[in-house]
Amino acid sequence: MAIIWPMLLIGIGTGLPWGLMDDLSVSVVPKERAGMATGIFSTMRLAGEAVALAAAAALLLALMQSGLAQALHDPRAMASIPAIANDMAAGALEQASTQLGEGGKTLLVSIYAGAFRVMLLVLAALTVAGALAAWLLLRPARSAEARGSAAGRACT
């Protein structure tokens, strides 16, 4: 149950802007080129999503390996951290927990939840940084007259 809310948030946050972005890609070109604009936009969006998904999966895997390294102290278990983390990333918690013995599944769920939480925070920070960059780069330019009057007020 604890993972339902983050997954729901991700789904809603991903799905909401698609219709708006598709409309924007079509509205800036002549009607006879709307299909081309939609195709280019969809291709770029899917390519971007694929790269972002691969990066997020790599981050999640690295965070899980780090969590396992901190939690496990048995040298035999330390050697199997990459295999355990790969099983966790694939969703095979039962298989991963067999390598740890009793109580292994509880530990793995805790490590996975912590890694997922950190990954979401990193992605949220990147989203805020991207939104701030877009706002700064796309804001309307002030006219020279407005800049001059603002500079004159600052000097007085």
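I begin with handedness: a crossing is left-handed if the near helix is turned anticlockwise from the far one by less than a right angle, and right-handed if clockwise. Helices (H or I, at least four residues) and strands (E, at least two) are DSSP runs, numbered from the N terminus. By that rule, α2 passes α4 in a right-handed crossing.

**Ground rules.** The model is predicted, so I note that local features need pLDDT of at least 70 and side-chain atom pairs count only at pLDDT 80 or more, while totals for chains, interfaces and linings use all residues. Residues are numbered from 1 along each chain as its sequence is written, and side-chain values use heavy atoms, with hydrogens and water left out.

**Entry 1: helix α2.** I checked the span of α2 first. The helix covers residues 34–71, which is 38 residues. The expected span of a helix is 1.5 Å times one less than its number of residues.

Next I looked for buried residues. Buried means under 20% relative accessible area, exposed over 50%, and partly exposed in between (1.4 Å probe, protein chains only). In α2 I found Ala34, Ala37, Ser42, Arg45, Ala56, Leu60, Met64, Gly67 and Leu68 buried. What do the buried residues of α2 pack against? They pack against α1 (4–27), α4 (81–89) and α6 (104–138).

**Entry 2: α2 against α4.** Two packed helices are described by the angle between their axes and the distance between the axes. Axes are lines fitted to C-alpha atoms, for helices over the stretch in contact, and angles run from 0 to 180 degrees between N-to-C directions. I read an angle of about 130° for α2 and α4, with their axes 9 Å apart. That makes α2 oblique to α4. The cut-offs are these: under 35 degrees is roughly parallel, over 145 roughly antiparallel, 65 to 115 roughly perpendicular, and the rest oblique.

Which residues make the contact? Contact means heavy atoms within 4.5 Å. From α2 I listed Leu61, Met64, Gln65, Leu68 and Ala69. From α4 I listed Ile81, Pro82, Ile84, Ala85, Asn86, Met88 and Ala89. By class, this contact has 10 nonpolar, 2 polar and no charged residues. Here Ala, Val, Leu, Ile, Met, Phe, Trp, Tyr, Cys and Pro count as nonpolar, Asp, Glu, Lys and Arg as charged, and the others, Gly among them, as polar.

I then picked out Gln65, which is in helix α2. Gln65 counts as partly exposed, at 28% relative accessibility. Leaving out residues up to four places away in sequence, Gln65 touches Ile81, Pro82 and Ala85. Gln65 and Asn86 are 21 residues apart along the chain, and their C-alpha atoms are separated by 8.9 Å.

Ala58 is also a residue of helix α2. At 46% relative accessibility, Ala58 is partly exposed. Ala58 and Ala89 are 31 residues apart in sequence, with 9.5 Å between their C-alpha atoms.

**Entry 3: helix α6.** I ran the span check again. The 35 residues of α6 should span 51 Å at 1.5 Å a residue, and the end C-alpha atoms are 50 Å apart, which agrees. Its buried residues are Gly104, Leu108, Ile111, Ala115, Phe116 and Met119. Their cover includes α1, α2, α4 and α5 (93–98).

Leu138 is in helix α6 too. Is Leu138 buried or exposed? Leu138 is exposed, with a relative accessible area of 70%. Leu138 and Gln70 are 68 residues apart in sequence and 44 Å apart in space, C-alpha to C-alpha.

**Entry 4: α2 against α6.** The axes of α2 and α6 come within 9 Å and cross at roughly 135°. That makes α2 oblique to α6. The crossing is right-handed. On the α2 side, I noted Ala56, Leu59, Leu60, Leu63, Met64, Gly67, Leu68 and Ala71. They meet residues of α6 including Leu107, Tyr112, Phe116 and Leu123. By class, the contact of α2 with α6 has 17 nonpolar, 1 polar and no charged residues.
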